[in-house]
Amino acid sequence: MKEKKVNTRFKKIRKIVFRVFLALLFLILLTGIALSLPSVQTRIAHYYTEELNKQYGTNIYVDQVEVTIFGGVQMKGVMVKDEKKDTLIFAKRIVTSILDSKRLLDGDLLFGDIKADELTLNVKTYKGDRDTNLDKFVAAFDDGKPSSGKFLMTSDKITLVNSRFILHDYNRENPKDVDFTQLNVSATDFKIQGPDVTTNIKEMSFKDHRGLFVENLKSKFTYTKKNIRLEETSIKTAQSDFEGEVILKYD
C-alpha cells in the first residue's frame, strides 16, 4: 500500500516537473521568436539609445534594427544630431556584426566589418565656438585622459558607399572648407578611443565641391587633439599623382 502511494506521488511530481519544463521551453521559444522580430528588436534599440542619450546628453536615433542569431546587425535611418539639433551623422543603412555582446553592454562598440550606404558626416564649427560639433559629440564620452577615453569603437573594415563629407567653420566669411560627394571608401583597422581616431585607408574616391575628382587616395590616417597625420599617402587625379606625408599640427 505504501509502495503504491510512493509510486503515485512520484508520478505526480514527474508530471508537474515535465509540465513546468514544457512551459519554460515554450516561454523560451516565444521569447526567441519575439526577439527575432524586427519590430521588437527596433523597440529594444530605441530603449537603449534613449538610455544612452540620457546618460551622455547625446541625440542618437535609429528608425529600424534587425539582428540575426549570428550577431549580424542591420540598421536603417541612423541619425546623430549635434547640440543644436542639426544633423551631424546620417546613414540610410548600416550593416555590421557585433564581435563582443558583453562589452557592448559596457559601452564598448567592437564591430567586425561595417558597410554604410549613403552616409553623411556634417561637421560644423558654430560661430563663437572653437570646437566642432563632432569634437563635442566625442567629448561627451571622453574622460579627459589621452588615448584612454571612455568611448571605444573598433572595426576590422569600413566600407562607405555613395557618401558625403561636409566641413564648415562659421567663424569665417566663407565658411565652407570641404564638401566631398560621391565618396567611396574602403578602410581597415578603424579605431576611435576617446578623442583619437586611427585607420588605414586602402581606397578612397570623391568629388570636391570645387570640381576636382580624386580617383584614389591611400593613407595611414591619424586624428588626435594635437595633430592630423596622413602617412604613406598617395593621391591620384586625372591630371596628377602625389606621394608623401602630410602632418597638420595645432593646439
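Guide: Buried means under 20% relative accessible area, exposed means over 50%, and partly exposed lies in between (1.4 Å probe, protein chains only). At 22% relative accessibility, phenylalanine 165 is therefore partly exposed. This is a predicted model, in which local features need pLDDT of at least 70 and side-chain atom pairs pLDDT 80 or more, while totals for chains, interfaces and linings use all residues. Residues are numbered from 1 along each chain as its sequence is written, and side-chain values use heavy atoms, without hydrogens and water.

Visitor: How many aromatic pairs does the structure hold?

Guide: Rings of Phe, Tyr and Trp (its six-membered ring) pair if their centres lie within 6.5 Å; planes under 30 degrees apart are stacked, over 60 edge-to-face, and the rest tilted. The structure has two such pairs. Phenylalanine 165 and phenylalanine 180 have ring centres 6.2 Å apart and planes at 55°, so this pair is tilted.

Visitor: Which strands hold phenylalanine 165 and phenylalanine 180?

Guide: Strands are DSSP runs (E, at least two residues), numbered from the N terminus. Phenylalanine 165 is in strand β5 (residues 152-169) and phenylalanine 180 in strand β6 (residues 176-193), so the pair ties together parts 15 residues apart in sequence.

Visitor: Is phenylalanine 180 buried or exposed?

Guide: Phenylalanine 180 is buried, at a relative accessible area of 18%. Its ring and that of phenylalanine 206 have centres 3.9 Å apart and planes at 25°, so they are stacked. Phenylalanine 206 belongs to strand β7 (residues 196-207) and phenylalanine 180 to strand β6, so this pair ties together parts 26 residues apart in sequence. Phenylalanine 206 is buried as well.

Terms used. Helices (H or I, at least four residues) and strands (E, at least two) are DSSP runs, numbered from the N terminus.
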